[in-house]
Structure formats: C-alpha cells, structure tokens
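Hi,

Here is the structure I promised to pass on to you. Have a look at it first, and then read on for what turned up.

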Amino acid sequence: MRDSDWDQLFLQYIRKRGLRDVEERFVQHVRQPPAPGDKEEAAAVAAGVEMASGLIDDLVCFAAGHEAAVYGDAYEALVGWVDSCLDMYRPELRRLLHPVFVRLYLTLVDMEAGREAAALLARYRARVLATLGGMRRAAASDLTQLAALTSRSLLRGSAFAAARLGLGPGGPAAAKTAVALSPYAHDLLMRWLHTGGGRMLPLLSVVNSCLDLQVLEGLPKGAPAAPVPDDDLADELAGGGPGGAGGPGADEAGADAGAEAAEANMVNRTEIKLGLLQGNVEDMYREQQEKHKAEAAAAAAAAAAAGEADPAAADGQEPQTKKAKKAAEKAAAAAAAAAATSKSVVRGERIEHPPFLPKLPDEVVSAALRDIGLRAPVTAAAPPSCAFFTFVNAKQTLNCSTFNSDGSKIVAGFNDSSVRVYDMPTISQHHALLRRSRRGQLPGGGGTNPDGTPAPAAPSADDLEECEPPGTLYLHGHTAAVHAVDFSVDQRLVLSGSSDGTVRVWGAEFGACLAVYPGHVFPVWDVAACPLGHWFASAGADRVARLWVSERTQPLRLLVGHNADVDVVRWHPNCCLVATAAGQADRTVRLWDVREGKCVRYLPCGRALPGSPTCLALSPDGSQIAAGSDEGGVTVWDLGTARRVAASQPSTAHTGAVWCLAYSQGDGCVLASGGADETVRLWRNDSGEALAAAGVAAAGDGTGADGEGGGAEGGEGAADGAAGSKEAGKEGAKAGKDGKEDKGNKPEGPYAQLGRYRTKSSPVVSLAFSSRNLLLAAGPFHRRGPIT
Amino acid sequence: MSNPNFITPGSVRAIALSVDVTYLTEEAAKALAPDVEYRLREVIQDALKFARHSKRTKLTTQDVNDALRLRNIEPLYGFLNNNDPAKFVRATGAPDLYFVRDDTVPLEQITCAPLPKAPNATTVMPHWLFINGVQPQTEENAAVDPRPAPKRQRLAAAAAAAAGAGAGAAGAGAAAGQADAAAGQKRKAGQAEAAGGAAAGAAGGAPAGQPGERVAMPVQHILSDEMQRLLQQIQATLGSPSPATLDAGSDERGEGGLWGCVLELDAADRGAGANGSGLLLTPMQRAVLTTVQRDPGMQQLLPYLTKHVGDEVAGGLRQLPRLHMVLRLVQALLLNPAVSLEPYLHTLMPPLLTCLMAKSLGNGPTCDHWALRDAAAAVVARICGRFGEPYYSLQVKVSKQLLRALLDGSKPLPTHYGAVAGLAALGPATVRLLLLPQLEPYLAKLQPSLPGGSLAGATAAVAGGSVGAPAPGGGKEGVRQFEATRVYGALLQASGSAMYDKLMTVAADSLPQHLFRTAGRARRSLVTKEEEEAAAAARQAAASPAVKQEPHAPGAASPGAVGAAPAVAAPRPVANPAIPEQVAVPAPAHSASMETAWLKLQADPKATQVYKMIVANPVSSQSLNLLESLQQLTARPDGRAVTGQALLYELGKLGIGPASIAKQYRASVAAAAAAAAAAAQGNGQLTPNGGAQSPPPGPAAGAGGGMASPPSSGLKTPGSNGAGPSGQAHSGRGGRAAAGGSGPGGSAPGAAGGAAGAAAPAPRSVRAVLAESWREDADLGEVVVALTTLFGPAFLTRLPQPPQLPVMTL
C-alpha cells in the first residue's frame, strides 16, 4: 500500500470524526515535501502506527466502509488463493480459513448485512462439506451457533459472539486464534495480503484481529511439539463414525453427542453396502463344493442303505428292507438340511447385481472356478511364496507394472512412454537357452567335429544377448511417461494412463491401441479396471477421478472433492464403490459411490499414516481398506465404520515409500506390501483369518451334522471336517502362542508383521497375488544400493 | 525470524547481470525475488510429483522438464541423459550465489558425434524371493546380513546343534555335528548344519539375521541314504588304519611300495602293480579308492571328504599310513573325472602342504617320512598342474610358500626337504626360477650340517646310496647329518633334473648356439688371423680324439671326455640344412690364407672338378671317398696339405666335410653342455695337468680343448696353440707341435685346459649365473659350470650323457 493511500484513509477518518484542526494540520503536512530531517520522525511515526494496531484496524474497517460485498469477495479470494497455493503449505494455510470465516460472518452481522452473512455461511458450509467430507465437531458447533446469530441485537446478547469479537472478558487478545505457520507460509500470506491492494483491506483487518500468527521455524510438517490442528480433525472424524458405540473412540463420541447433532462426519454416516455381489465367483465355488459334497454324501448314504438292504434281501425279510428305505430317506433329508445350513453360513451380506454392471464372461468364470480349486491356502501359519520379477537394464525408467491373473504376463509402463507386455514363458525359455549356451561354451572349448572342421555354430551367448530378447511386445502410442497400467478382467485388454493426459486401451494379444480416452487434461496417475469388466476408473493430477465405460470416450462420472492430485484409484470388490487416495495437501482416502458419484467415506490419514498415501488395497471381502504412504506407513481402515483398524508401528514399518499393497486371494488372510526400501513385507490379517477359521468350522459343523444324520458310515467328509476344525483350532492356538512369544519384536495388534524379505537391490514396484495365491512382485534392478 | 526465502534480490540482480540486463532497479529485484522463488517451488513440487509417480526417490532432469511442460513452459534442453553432475560456479559479486555454467555447444558437435551404443534391452528375470515365507539364500536374493548373532544366541544355536546331533543320527554325522558344535563359537549355525548332516534340521530352520527377517540358510545339504552309507564306509575304511597298513608304516620299503600303488591308482584295476609284494592295501580299501576314483556321484560327498582329509591330517600326524591313505584319497579324487575339486581346493591344500612340510611326521625321525613328503609333493604338483589354468595364482601361492619355508633358516631340515621336493615336483621351470638362484647361499648354510662338514662328503654319501638310513651311530648329530644329506640329495636331484630337462630340450632343438655363449666367447676372443690354419687343423684334431675317448671315460672322468665339446659346439651350426648329415660339418672360420689358397686352386681344373663333384652330390660314395682322401691329404706334410685344406675349407663353407669329421661334429654338438661344465673344472683340482697345459692366468689358458683356438699368450708360438693336449695325435701329424705333453688319453687335462679358458673370459659369480638360469636365453654352459662348482662332479652324472645326445639330435 502506498503512502498516498494511507494519507487518504487517514484524511477520511479525521473528517468523519470532525477533527477539523487535525485535518488542517494533516493536509499541511502532506502538502509540504518532507524535510530531510523528518525522515526519521516519519519512520518513528510509522513504527508507532504499526504498534497501535488497534488504530490501524479502525482505519481499515473504516476504509472498507459498509460494503458488505467486499467481505464476501475477499473471503472467496482467500479461499481461492489457499487452494492454488503450494501443496506443501496448503494444509497450514487452510487452518486460517475457519477463524477468518467466523470473524467475517460476525462482522457482516454486526454491519447489519444479514443477507450477505447468510450467503457466506451457506457457501462456506457447502464447501467444507464438499471438500472435507465433514467437519470437526468444534467447527460444526460454531456453525450452528453462527447460524442463530442473524442480527446485531442478537449479536450483542451472545456470549459466543462477544468472545469472538474480542468484547468478552479476555479482551481482544482472547479473541485471537493461534495459528502456527512455517516461515515461508507466513511470508506467502503476508505478501499476498499486501499485494492485493485495497481489496484486501477487510481481510487484513480480520486477520489482524482474529489470528495470532505464530511463525515456527522449520518445515511445515515436522513439528510434533506443536500439535497440528488438522490432525485433530482427522482423529475426531475417525472417532465419530456411525459405529461409534464400540472401540476406543466410544467415550469421546458419547461426550460429544451434542455436537454430533451437527453435520460432522455426515459423509461417513452414509449407509453403504459393502457386501459382495450375489453370485460372485467365490460363492459359486463354495456352492459347487457343497453340492458335490451333498451329492457324495447322498450317494454314500444310498450305498449304505443299499448295502444294508442287500443282505436283508438275501434273507428275504421285508421289515429290514423297509428299514433300509427309511434310512435312505433319512440320509437324503439330512444331506439337504446340511446343504441348507451351510448356505446360511455364507459370510456377510450379499448385494444384488446392479443392472449397470456386466456379468462376468463364462470363460472367465470357469477359469476362476478352476483356479479357486487349485488355490493354495495362504494364512499366517502358511505364508505364501513369492516370485520376484526383476527388470534389468530398466535404468530408472520403469514406472509401473502389473500381472495377469496367473502371472504369465507382465505389463509395464515406462518413462519413455512405451507400454511393454512381457510374456514370461517365452522369456524364461530364452533365458534357459542363454544359460545353456553359456555353459556349453565352457567344456566345449572350440567345438569341432571329429573330422576337424569346426562344428556348426550354435548361436553363441553373445549373439543371444545382443539380439532383442523375444517375448516382449511394445505398445507405442502415448506421448509421455506411462504411470499406470492394468489388465482387464478377461486379461485381453491392457489399460494404461500416461502423463499426456490420456487413457489408452490396448489389445494385449496383438499389441494395438484400441481406444483413447482423452478426458484428463493433466497427467493420469492411476488407472483401474473394474473387476467385472466394461468399466474403468482413472485418477489424475487434475484432482478428479473419473469413471468410464469402455464404449464412450467421455467419462460417466467425475469424482470431485480431493484437494490435491488423486494418486490412486481402486475398485471395491463389489464394483459399486471406488476408492481413491490423494496426497500432499489432501492426505485422505475416500470411497465413492459409482452410481451417484458421491463421496461416501472420508478417511483422513492423520498422524497414523505419515506422508501421503501412495497405494491402496481392498480386502477381498470388501470390508477393509489398506493404504500405504510414501513415508513407509501402512494403515488399515474398516470401511463400514470408517474407523482405523491398524497402523504400522515405526519399528516395523517400511523405511522408504510403500509402492504397492496386495491382499491374498480368498479370505485375504495376508496383506503384502512392498516399497522403495527394497523389501516385501507380509502382514497378518486377523479378521481374514477369523473368517477363514469360521468357514472351516462351519464346513466342519455342516459335514459333522451330515455324518450324524447319515448314521452308519460317517463318511470321509465328517472326518475331514473334524480334522480341519481341529487343525484350525491348533493353528489358532499356535498363532496365539506365536503372538505371545514374539511380543518382544513384533507388535501386538490386528495387523502384525509376518515377515520381511529383502530383494537384492530392487525397489518393489508392484505386488499381486495370482489367482492361485502365488505372490508376484516386480521391481527394477538398481545397481547402486538401496535408494532411500 | 530468518528470511524464509532462498532467492534474494541479490540473486535476481546477479542473474539479470548474467543475461545483460544492467538497468534492473532495486525495487524490481525485490519484487521479482519472491515471485521467482514461488515459481521455482512450484516447479520443484510438480517435478517431485512426477518422480513419485514414477516410483523413484531420485529427482531427474526429466521430471523437471515434465513439470515445466505441465505448466506450459518450454522445457530445458540439453540436460537429458547427461549424467555429469552440474558444475556450479560462484557468481562474481554475490557471495552466496552459485549457478550452473552454461557452455555453448556447437550443434555440429552433437549431430556429428558417433551414435552411442544401443542400450541393452530391458527384460525380466524371475526368481524366488521367498518360498512359503522363507527366503532361500540364492544368488538373486540379498545377502544375509553378515552381522553375527548375539553371543547368547550363538551359544544356544551351538547347543541345539549338539543336542540335535546327539539325538539324531548315527556315526559320522553325529560326530561331525558335535565337532561343529564345539566350533560353533566361530561358525554360524548354518554351517554347522551343513557339516552336521543329519543334525541339520534343528539349527537350519531357525530364522537368522535380524529379527523379523526370515531367511533360510543356504546349506541345507541333503544326502541320500545311500550316499550317507557310502560316506560312512569310506570314512571307516580309509580313516582307521588297517593292521596291514600299520605294519607297513614301520617298514620303509613298504611305504615306498604304498606310494607306488597310489601312483598306480590309475592302473589299479590292471592289477599288476597292485598285486605286487609292495601293495599293502586291503581289497576293501582298494575297492573304496576305486569307487572314489570312478564314481560320478562323488561330488555330493566332496564337502565331507575334504573335511575328512582335514581331520585325518590334523589327527594323524604321527601315523604315516593314515597320511598316506589321505594322499591316496586326494589322488583318487583328483583322478575322478566327474568331480570338480575347485570349490574345495582351499580346504584341501593346507592338509596337503602339511603332509609335505610338517616339522615332524610319523613317530620319530627314523621313520621314512621322506616318502610321504615325496608323495605329497607329487599330489600338490598334480593339483597345481590341473587347476593352474583357471586359478593361475594357485601355483604361485604354493611355490611362494614352499620357497619361504626353504629360506627360513629356523625351520627344521625335513621342512626344507619338503619344500625342495615340492619345488622340484612343480617342474624344472619352477626349479630354475625359484630354487637355483637360492642354491648357493642355501648350500653354504647347509654345509656345516653335512657329514664331514663338506659337500664332498655329502656327494659321496649320496653317490654311495647311503641315503636310505641315517648314518649309523648318529645320535642327534647323526640324525641332523642324515637329514642334511637328504636335503642335499633333494637339491642335487632337483637342480640336476632341471638342467637335464633343459639340456634335453635344447638338444632336441638342435642346440641354438646362443645357449652356449661361454664357449663361443672363449673362442672368439682367442681366434686370431695368424693362427687360422692352426686353428682349423687343431679343431679337427682336438675334436676327434676327445669324442673317441668318450666311451672309455669313466663316470668320474666324464668331464674330461665331454670337455672337447665346446670346441666344436662353438662354430655356427650347419648353414645349409640341405646338406646330408653324413657330411655336415660346421662352417669354418673365415681365413684369409685359405681364401687365397682357394683362389689359386680355382685355376686348377682338377681341384674345381673335385669340388663340383662333391657339391653336386655330397653323399655319393665317390664324394665320400674324395672327402676322406682330402682329409688325409691335409695330414700330409708336403704342400698338398694346403690344397686339401683349401678345398675342405671351401666345402666347409657349404657345410660339407668328410664323414669322420661330420660324425665328430654331431657327437661334439651333443656333448657341448657337459663340456662347458668340464671347462669349469679346468680350474679345479680334478685336472692335475691343467696347470701345465695352460697357464692359469686368464684367457691364455683357454686353448679350449680342441676349440682350436690358440691361447692369446701363445700367439707367437704356434707350438703352444692349445689344440694340443687332447688332440695330440693329430696335431703331431699336422706338424704343429702341441706344446704340452699331456698324458696319453688324458682327455681330462685337455678339456680342463680348454674349459678354463672358456670360463675365464666372463668371470661371473656362481650366484649371478644361477639367478639368471631361468631365462630362456640363459647360457647353459655357464649354468652347468656353476652347478658343478656347487655340487661337485657328482652333478654331472645327473646330466644327459653324451651318447644320448646324438640320438636326440635325430
């Protein structure tokens, strides 16, 4: 602000107060050029003016006059500025918004501008709910109180307003909210306020009157001494879900029951259906098995009956034949009953197949059923095996990779804008050939025929190494680095998202681009194909996640709400929900309803998950979501209650960014994570284990009942079932023991670490469980040690 | 509060200056600085996003360019793929401002640069990271943290291994397990497991490394039942000495026989040698050794067998039969074509070297540990030979160790013997390179210990074959003397065979002359123009009798016999290979008088006809007769002698000469080396007449037994031209009186006289000569002389005897 502005302001003020003498003197002072000697004096005066901030406030308020609209505009400008600010400082600056808003609202009401105040309030509330998915309890109560204050008279009588306006017992100082800012954020704010000219004056006054800006040295995040208010928000939100009756947050929730009346956590109170779809593959398989078992049991019973009948027939005694018939009937009935009970044991609720989702193709279903039959059981007691695929000569250009369901193909996206499909059987064959030729060279020396002529040369190792290795399919089309790839459910299509802002679909078999989806303007960070096909989701740097149907080049839904780049997008197993995560300024994981495109779960990372989320994984039963962050943390939430289930302890967490997460197939008993610290870690999912144990027990009970009902020959099933449940019990006991024993170095809790496996020198870029529960991992080889 | 900005107005001004903006005001700089910083931060923030989504933790220039493109800013060209770290330069005038020097690169330089090599194709290599939650310790996986486990844990592991062994398996497995448990302090549990065989399971499955990290130790070595039993059988059969071999241990001859059968293991099934009286292997042992040698599955047992070898040697130093058995085992393993010993060499070599060089082997100094050492030397040499190719440093290391042991005066004599034997077994080249240079000082040190305190005594002892047993009535002194004699004998044997080898090689290669510089030098220095004729005559004269006498020369006198050799050896070899051997003679030295005589003769048609006839077909009987008659002609006292001489001279230029002389030439060529040796003795005591023959001082004496080079002192007295003594018959006939009336048939004196001259011109010390003996172009004559000086005449018996040499030249 220039001196002349100040002069004008001052003059106006003096005139208004009717201080004629002062006005004359002032005009005189302004008109005469400042004497050289006066400079110091002026400086002193300026200093004095600075000190008497009250006077300046008055001045500023006065200057703003009664233009209520200016306030609204200024606030909008502030919000806009904060949203476009550097990611790093945005969370800090966003903390200013609430106190400023409260003060502005009160000021507006004080100015008898009720309409503007109401508009401001409505806009604010809408924005907060849209972008944050809820608000802190304190903020919500503030809003309810503010909404009640609509006129100056009410304002005067309200203690709340008095306190906020600095009229309360504590004086103006008590009205100030302390906000900690890092030096550069403070600098940015000040510069922005000062360069805004007269428009910013009301804002300046508000900031001066309601904020106590504390500048703390250091980076914005690393200040544990001063608790960051935003994290409280996260914790409160986490504790305030609809299922608040249980868990550690219960007391808190009860205490704040009144405040909950506000819209706090509104989003997380949305009812969502997390159950799997009816007729999903797992259920189909289970049904099949039960059918087989029932049939077998019936057959056995019939056979038994027949066996009983046979000797009876030989004796020629009718009553016994009757008995046998009865027994057969009984057995059949019991089998049917058993089948019915086991059907009722189906875990969790199932939701109807929504009409907009396609059915799985038959060949996919049959393949999946076959794979489930061959699936290795993966539990904490029987950890999985992991095949690691090392990308050599990648030279830091590998961005992403993914596997098809049996791990025979790997798709990788590279920085050089190519997508490559590696066919592992071919490549393995080639490597075997290489190895053989290398070994063959040693004993052979110069291989010569008996007659002395050199033997017909097999391709030498050098030649083989020189030539382009077979089994690699290059998909060229993107014009910038490819950041995400995914296989469609039938493994025939490959989706890729690139920095050039497009999503492309390729035919994995013949290597041609089938479609381009140019919806994003900014880089696409992630792409995920729907587990049922036909749909896919993408997320990008434009802070929006999009839902697409493969037959249209425009997105069907925009999932808007994240405050920063949406980094990850994943489908819920029931395909009706999509999970996204955004980092940096946002640091939230959200769940969206596909039908309405609305946010249904808002899971702030808070302190439990330091850093920004980098990857997501949803448990196969759809009840939990795990997120890994770029600072090595892994956190799991329960989606139904929006409550945090577990968070990795610093002692066991990754020491670098977590790049990938994967739940094991089936019950999801094991969660695998891999990251930049070149390790793959396994975590025990107790809820999955419980599910598995329940399943086994249920099966055991069912067959046990069957055996009882069947009478005579209990059947193999019963024995199996009994053994199974016994074993399960043992395993459970063993697991418990393990937990006790490992107390020293393993954290207690629902997600205890099972193991840590280092790769030689490869950060783990992708992880997946194959359909038969082999853990597949991939990463580029870096010669120079771990990158941390 | 410090200024949070990194870009200061000063920086902005400096940057402005760098792009030639000199009118930037203070205010503008102040306004620009924060804005520039903000933009920078934005770009960095976006670039980091790109790096993060590329799953990298390193920011690259590509990321920055992507970030710039994202904001529709033109990217920076020229920084891609540039791995050189940017060089920052301090901006002048601004204390804390640095910038990257932006060099101007001509475009042609980039466009015309050769294309870089195409990078290797990115490909995928699969491997198992872990299997059922346990990480296999393979090449592709990260190495286990080498940090040792805490002590308590290690003790527990050792105890567990021991317990496992006790509870677990029988026999060898358990024993090994316990041994390892005892050694558990030093080793990792995993290794114990490997050796512990059956006891493995206990320690093996335990997670190692850091807590939470589950890593399988690499060595879960599973042996099939059959293999385990075979191993036990081998260890039982070879490990405990059978009564037969125990008996053999007390019997030296038996020991020799034992080793003989080890060496014959190759031919074990041929049975001839094996069934002989010397063989003391039980049939069982023989069968086992044959198995070890033949069975292709032996690789499986290698770790255990090498361990067995180590244990046996460590535990059986007093029992020679056990050690012999160990050597046999190793030998059998070496012979097995299906076994690759390479990975176990490092564990095999120390026990072998122990067998070779241990301070005391067997019970007491009287037993025949020498045979064991010899055998060990053979095995070591064999290993070095077989694995020398891939592990070129193996032989170097071994020979270095041997040499060090030899030179270490504090080591006992048996060790020295082992070292010498080992070096000798490593081959003549090694001996020449390593042993010979050390010979002189070593012998000097050894001398006091020898019987009689002198080399001569030792020579006598060695020659007398009394090495088989310690000197009777020895006591400590006697043992030492005996040992010293053995060492002396070994040295003699080693250097002798080294020279023998060399001489035979050289003889086979038809004697490159440079190898006999000594003789040549002597000759060159003595020949003078005036004496040419005499020389030529003397040459013929001297050579023939010497050679003629060879067969008669008794062993001890052989120096004399061969002494003639250098004389004839010196001339250039036959120039024309087309000349048949019967008539091949050395080309004569240039002689002016002969040239003139020949010029005169050319006028004589008869002479030219004879000449032409002979040249046309030197081998025809007529030519041979002609040559012989010419030869006789030269002996005539009248003037025709000159005619004959001239003709012969001219023919000699073509390499043609009378058959008798050619024969002598061949023989003398072969005997050259020995002659050189004899020459050295010319100075010595063995040639009583030498002094009279040729005056001792200097070159004058070097009449070179038949080299036909007159001594320089005798230039004026033709009579004294030294062809004399040995060839006195001829020279007498030739009228050139030999000065010295040497003893009839006294080949030795003559040779000695000549040789003295040969050695004299280059008085190099024995040590210096030997130090260079390894060189390809070393003067063999000198070396032989030097060695003979050291060892005495007995050395010469080790050299190839002259009759052998002509055969070689064929």
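The search came to ten cavities of 30 Å³ or more. A cavity here is a set of points, on a 1 Å grid over the protein atoms alone, where a 1.4 Å probe fits but cannot get out. Grid points are joined across faces, edges and corners, and a volume is the space filled by probe spheres set on the points. The idea behind it is simple: rolling a probe the size of a water molecule over the atoms shows where empty space is left.

Before going further, a word on the ground rules. This is a predicted model, in which local features need pLDDT of at least 70 and side-chain atom pairs count only at pLDDT 80 or more, while totals for chains, interfaces and linings use all residues. Residues are numbered from 1 along each chain as its sequence is written, chains are lettered from A and ligands numbered from 1 in the order in which they are written, and side-chain values use heavy atoms, with hydrogens and water left out.

Now the two chains. Chain A has 22 helices and 31 strands, whereas chain B has 37 helices and three strands. These are DSSP runs numbered from the N terminus, helices being H or I with at least four residues and strands E with at least two. Of the 788 residues in chain A, 50% are buried; for the 810 residues of chain B the figure is 47%. Buried means under 20% relative accessible area and exposed over 50%, with partly exposed in between (1.4 Å probe, protein chains only).

Taking contacts (heavy atoms within 4.5 Å) between residues at least 6 apart in sequence, 59% in chain A join residues at least 24 apart, and in chain B 70% do. Chain A exposes about 35,700 Å², with 55% supplied by carbon and sulfur atoms. For chain B the accessible surface is about 38,100 Å², and carbon and sulfur atoms account for 58% of it. These areas come from the Shrake-Rupley method with a 1.4 Å probe.

Pairing requires at least two DSSP bridges between the strands. A:Phe403 has A:Ile410 as its bridge partner, and A:Lys409 has A:Asp423.

The one of β6(A) and β7(A) has five residues between the strands, and A:Gly407 in it takes a positive phi near 75°. The one of β7(A) and β8(A) has three residues between, with A:Ser417 in the turn at a positive phi of about 70°.

Further along chain A, A:Ala642 sits in the loop between β24 (634-638) and β25. Its phi is near 55°, positive in a residue other than glycine, and A:Ala642 counts as buried because its relative accessibility is 2%. A:Ala646 lies in β25(A) itself (residues 643-647) and is buried too, at 12%. Its C-alpha atom is 5.2 Å from that of A:Val636, ten residues away along the chain. Leaving aside neighbours within four places in sequence, A:Ala646 is in contact with A:Val634, A:Thr635, A:Val636, A:Pro750 and A:Tyr751.

In chain B, B:Asn72 has a positive phi of about 60° although it is not a glycine. B:Asn72 is in the loop between α3 (61-70) and β1 (88-90), and is exposed, with a relative accessible area of 75%.

Best wishes

Technical notes. 1 Å grid on protein atoms, 1.4 Å probe; cavity = no way out; pocket = protein on both sides within 12 Å on 5 of 7 lines; lining within 4 Å.
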